[in-house]
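Open the model in your viewer and keep the selection tool at hand. The stops below say what to pick next and what is there.

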Amino acid sequence: MYEVTDLVIGADGLPRCAWGASTPDYAVYHDTEWGRPLHGDDALYERMTLEAFQSGLSWLTILRKRPAFRLAFDEFRIPTVAGYGDTDVTRLLADAGIVRNRAKIEAAIVNARAALELPDGLSALLWSFAPAPRPARPASFAELAAITPESTAMAKALKKRGFRFVGPTTAYALMQATGMVDDHIVGCHVTLPPAAA
């Protein structure tokens with residue numbers, strides 16, 4: 001039916017991005033979250049933190065551990081995580097439910113503190129880098145770059161403000177996940193609401 005190799009028809013008869021049909025967990029995430037505009041400082045801080053933890057790992061690993069991450073990091077409430085100290089780092093390093101990486105744990109805490117310092121908040125800063133919507137969805141994932149000028153600028157701005165573990169590739173993954181860009185493949189059944197900031 002479709003000429004596009006990155007689009008598949010799921011068991012439910014719906015066309016979706018191929019990665020989104022690879023596991024039931026991915027199907028739910030693809031259909032209900034990925035690419036949908038997300039706003040709010042804590043919500044975006046959570047996604048930024050999870051994208052950083054994902055670095056070098058499968059997103060599926062992080063997705064399946066997300067409930068444990070939320071519990072361990074107090075639902076990613078920025079002021080709470082910003083107040084974490086050495087005892088919390090030790091607690092998190094002992095938590096088998098999350099990815100136990102000291103550098104990433106410490107970055108999550110540093111990033112919460114940096115987010116508190118933003119005069120207009122994290123959501124406003126991140127969304128300021130969202131590009132204008134493209135005229136049409138990509139025909140395949142080959143059309144997508146892992147790094148864009150916008151993600152490079154976002155990463156640079158975050159680093160300047162003291163954030164860690166948010167390079168241009170991680171920044172672009174964050175943009176994809178939170179609807180700053182629509183990288184669903186043409187023909188995918190997911191319809192996204194406008195990405196107004």
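**Stop 1: a loop between two helices**

Select Arg 77, which lies in the loop between helix H3 (59-72) and helix H4 (78-82). Helices (H or I, at least four residues) and strands (E, at least two) are DSSP runs, numbered from the N terminus. This is a predicted model, in which local features need pLDDT of at least 70 and side-chain atom pairs count only at pLDDT 80 or more, while totals for chains, interfaces and linings use all residues. Residues are numbered from 1 along each chain as its sequence is written, and side-chain values use heavy atoms, with hydrogens and water left out.

Arg 77 counts as partly exposed because its relative accessibility is 39%. Here buried means under 20% relative accessible area, exposed means over 50%, and partly exposed is in between (1.4 Å probe, protein chains only). Arg 77 and Arg 137 sit 60 residues apart in sequence, and their C-alpha atoms are 34 Å apart in space.

Stay in the loop between H3 and H4 and pick Asp 74. Asp 74 is not a glycine, yet its phi is positive, about 50 degrees. Its relative accessibility is 27%, so Asp 74 counts as partly exposed.

Next, click Phe 76, found in the loop between H3 and H4. Phi of Phe 76 is also positive, near 60 degrees, in a residue other than glycine. Is Phe 76 buried or exposed? Phe 76 is buried, because its relative accessible area is 0%.

**Stop 2: helices that cross**

Two packed helices are described by the angle between their axes and the distance between the axes. Show H2 and H3 together. Their axes come within 10 Å and cross at roughly 130 degrees. Axes are lines fitted to C-alpha atoms, for helices over the stretch in contact, and angles run from 0 to 180 degrees between N-to-C directions. H2 and H3 are therefore oblique to each other. The cut-offs: under 35 degrees is roughly parallel, over 145 roughly antiparallel, 65 to 115 roughly perpendicular, and the rest oblique. The crossing of H2 and H3 is right-handed. A crossing is left-handed if the near helix is turned anticlockwise from the far one by less than a right angle, and right-handed if clockwise.

Move to helix H5 (residues 86-93) and helix H6 (residues 102-116), whose axes come within 10 Å and cross at roughly 135 degrees. That angle makes H5 oblique to H6. H5 passes H6 in a right-handed crossing.

**Stop 3: the cavity**

The structure holds one cavity of 30 Å³ or more. On a 1 Å grid over the protein atoms alone, a cavity is a set of points where a 1.4 Å probe fits but cannot get out; a pocket is an open set with protein on both sides within 12 Å along at least five of seven lines; lining residues have an atom within 4 Å of a point. The largest cavity holds about 40 Å³ of space. Grid points are joined across faces, edges and corners, and a volume is the space filled by probe spheres set on the points.

Select its lining: Thr 49, Ala 52, Phe 53, Lys 104, Ala 107, Ala 108 and Asn 111. H2 and H6 are the elements that give two or more residues to this lining. Which element gives the most? H6 does, with four residues. By class, the cavity lining has four nonpolar, two polar and one charged. Ala, Val, Leu, Ile, Met, Phe, Trp, Tyr, Cys and Pro count as nonpolar, Asp, Glu, Lys and Arg as charged, and the others, Gly among them, as polar.

**Stop 4**

Go to the largest pocket, with a volume of about 440 Å³. Of its 26 lining residues, Pro 133, Arg 134, Met 180, Val 181 and Asp 182 lie nearest its centre. The lining divides into 18 nonpolar, three polar and five charged residues.

The second largest pocket holds about 370 Å³. It is lined by 16 residues, and Trp 34, Glu 51, Trp 59, Ala 173 and Gln 176 are the closest to its centre. Helix H1 (24-32), helix H2 (41-54) and helix H9 (168-177) each give two or more residues to this lining. H9 gives the most, with five.
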